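Student: Hello! Could you help me learn to read a protein model, one feature at a time?

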Amino acid sequence: MRDGVFAFGAGTVVRYPSYELQPLAGYLYRETGRRATVEGVAGFHGAHNVVLLAVDPARGLPDEGYTLEVEPDTVRITGADRAGLFYGIQTLRQLIPPGDNILVPVAEIPCLRITDYPRFPYRGFTLDVARTFSPFEEVIRLLDLMAFHKMNRFHWHLTDDEGWRLPLECYPELAREGGFRGAGSPVRNIYGAWGERYGGYYTTEQVRAVIDHAAFRNIEVVPEFDLPGHSRAVARLHPEILCRGPVDTASSAGYDLRKVWCAGREENFEMIERIIDEICVVFPGAIIHTGGDEVPPEQWETCPDCRALMKREGLEDTAALNTWFENRVGRMVADRGRRQAVWNEAADGGTLEYDPVIWAWENHESVVKALRAGYDVVNMTSQYYYFDMKQSASEVGLAWGGIVDLAKTYGYDPVPEVRGGGRVIGVNGGFWTETFLWNGEWWRDYQLFPRLCALAETAWSPESARSPEGFRERLDGWHLARLDALGVAYRGAPGVGIREAYTVPEGRMRVAYDVTGSVPCTARNPYSHAADNDTRTVARTVRTARPGDWFEFRFRSPVRCGSITVRSGYSALPRFVIGPAVLEVSYDGSTYEVADPRFGYTGTFRPRAAVHSLRLTVTGEGNGEDAVIIQDLIIMP
Ligand code: TNX
């Protein structure tokens, strides 16, 4: 810090010395409230009130580094490379007082000198767009926010069991049909309401626009084609890729849940190579992610072709087969001059031969294991960096990785001490989206911020410069205000606060009723759990509900009320829902009339008289699940 301030605005001139930097000068102008004028002139020429941009590798700063020198008359931002200059501009943005930039004509920036560069070359974030779709505009907005936090890799999880969002010329049906689920699609809903048509995919133009928008902001897009598991969506359109073993419909009302590419079917590798080839044409980045996670062994174990292959290749188990599979795909990636990235399980059954980057996600041990084996590792440990995990016990999200609050994310040192072996090349935040189908639009900001700020600081700053108190101070002191100004509805923001997963409205009525149904419930989760007025307990059936199955809610004495909400499924994860169904109401205990003809997983209606009983009759087929879950009624006066 130095004495004095630079008055940014009212006559400030932004100068760029060469044509290539003009777009960055324009970017600085726009992102700092359009206060300055921009001109293509090199040097200061004795002028004052000048911001001078430059790239100067000769200064000897590491890649992506920069210096920022603020004096009363001049601001000089010098990048080691273009990326460094870009990050110097981000820091300048962060030095301008938060608030509405446009309404403050002159912003005072304190005089100072900064020398800055990142700890890790890889500072990434994963967005799962397969389970819940994020439209193009949301992706662009996320890239802007990532860039503001100096993050430089966008890992786009484009394919999974529940959807294929990547447009391909070689297999256009994958996105056009496999991008949707529910009615009219061979892909069914596992998450969300039965039968409901849900989905979307990106157009080729949008994919290009994302890549360009990211590249300008020094973000490389890492596309993921998740295989050999997590491939139900493609398997629904191309069932020939599956193993020659039994179908998997035992728990799913006839819907085949199989999701693994057969490893013994040679034509599969032709199809995969065509897809990889097109991915390499569309995506210019260095890394192509080919999945390798969570491959259920049963299909390979029962397939004659896979068994013959394992025998021929001397592969002991399905873990070895998974590694073998990823090596074949790795070769396709390497042949095209790219580097393969895989989830940690891909290395469980042998050596990956094409110098892949291992994305260690399961736990800290998986980071250590991959390092010991000598790989480059991206640390994405779910217990710290999965932003689909709950932030406290009562909030929305999964919890298999524990409660991942801000302090946990911030407090984790991503570089374990492992002698020799590989190195941690970076960190990555993960946002898996199966939990968020029901939550409208608020959840993206809520789950990501400010946890992403903590991850970004871990990614950039040396471990020795980090401190939880300092981080908290900087958040409360100005960074959260800056997020407010950027319109980010982060957890705890004014008007957002802390949201409970299941908001049970205040003042609901406690009324005695009984629940019965045509499907028995489990002993652990009987029907009475849906009638005990305790919203933490649920009833769970022993099998899925089929067309014609019914559930009845019978009040001990007729209830006069303003509204009744019937709810099904888990409160945290939109699974095991009932629907579609017809909701009927009886005011006399014997005749029924329709209250909601299109009941999804939930439905609310306003009775016109005292209610005697309610009945749900299932009209749609199964949900790819072996049960449905019923919650307490919410009855409002
Ligand atoms: C595990 S992360 C998965 C995802 C889920 C996530 C939910 C990874 C490689 N596999 O498919 O969405 O957990 O937290």
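**Reading the ligand site and beyond**

Tutor: Gladly! Let's begin at the ligand: one of its oxygen atoms is 3.0 Å from an N or O atom in the side chain of Glu-434. Taken alone, the ligand exposes 360 Å², and 96% of that is buried by the protein. Do keep in mind that this is a predicted model.

Student: Which residues have a polar side-chain atom by a nitrogen atom of the ligand, and at what distance?

Tutor: For Asp-293, a polar side-chain atom lies 3.1 Å from a ligand nitrogen. For Glu-294, the distance from a polar side-chain atom to a nitrogen of the ligand is 3.2 Å. A pair of N or O atoms counts as a polar contact when the two are within 3.5 Å.

Student: Which residues around the ligand come nearest?

Tutor: There are 13 residues around the ligand, and the nearest are Arg-131, Asp-293, Tyr-386, Asp-388 and Glu-434.

Student: How do the residues of that shell divide into nonpolar, polar and charged?

Tutor: Seven are nonpolar, one is polar and five are charged.

Student: And in which pocket does the ligand sit?

Tutor: Its place is the second largest pocket.

Student: Now to salt bridges. What is the general idea there?

Tutor: Side chains of opposite charge can pair when their charged atoms come close. To count them, we look for a side-chain nitrogen of Lys or Arg within 4 Å of a carboxyl oxygen of Asp or Glu. By this rule, the model has 41 salt bridges. One of them joins the side chains of Glu-64 and Arg-123, with 2.9 Å from N to O. This pair links distant parts of the chain, 59 residues apart. Glu-64 is in the loop between strand E4 (50–55) and strand E5 (66–70), while Arg-123 belongs to strand E9 (residues 122–128).

Student: Next, the backbone. Where are peptide bonds cis?

Tutor: Here we read the angle omega. Between Leu-227 and Pro-228 the peptide bond is cis, with omega about 0°. You can find Pro-228 in the loop between strand E15 (220–227) and helix H6 (232–237). Another cis bond runs from Phe-449 to Pro-450, where omega is near 5°. Pro-450 is in the loop that connects helix H14 (443–448) and helix H15 (451–460).

Student: What about phi: is it positive or negative at His-230?

Tutor: Positive, at about 50°, although His-230 is not a glycine. Look for His-230 in the loop between E15 and H6, where Pro-228 also lies.

Terms used: Residues are numbered from 1 along each chain as its sequence is written. This is a predicted model: local features need pLDDT of at least 70, side-chain atom pairs count only at pLDDT 80 or more; totals for chains, interfaces and linings use all residues. Side-chain values use heavy atoms; hydrogens and water are left out. A residue is near a molecule or strand if one of its heavy atoms lies within 4 Å of it. A polar contact is a pair of N or O atoms within 3.5 Å; within protein, one must be able to donate a hydrogen and the other to accept it, and residues adjacent in sequence count only if both atoms are side-chain atoms. Accessible areas come from the Shrake-Rupley method with a 1.4 Å probe; for residues, only the protein chains shown count as cover. On a 1 Å grid over the protein atoms alone, a cavity is a set of points where a 1.4 Å probe fits but cannot get out, and a pocket is an open set with protein on both sides within 12 Å along at least five of seven lines; lining residues have an atom within 4 Å of a point. A molecule sits in a cavity or pocket if more than half of its atoms lie within 2 Å of its grid points. Ala, Val, Leu, Ile, Met, Phe, Trp, Tyr, Cys and Pro count as nonpolar, Asp, Glu, Lys and Arg as charged, and the others, Gly among them, as polar. Helices (H or I, at least four residues) and strands (E, at least two) are DSSP runs, numbered from the N terminus.
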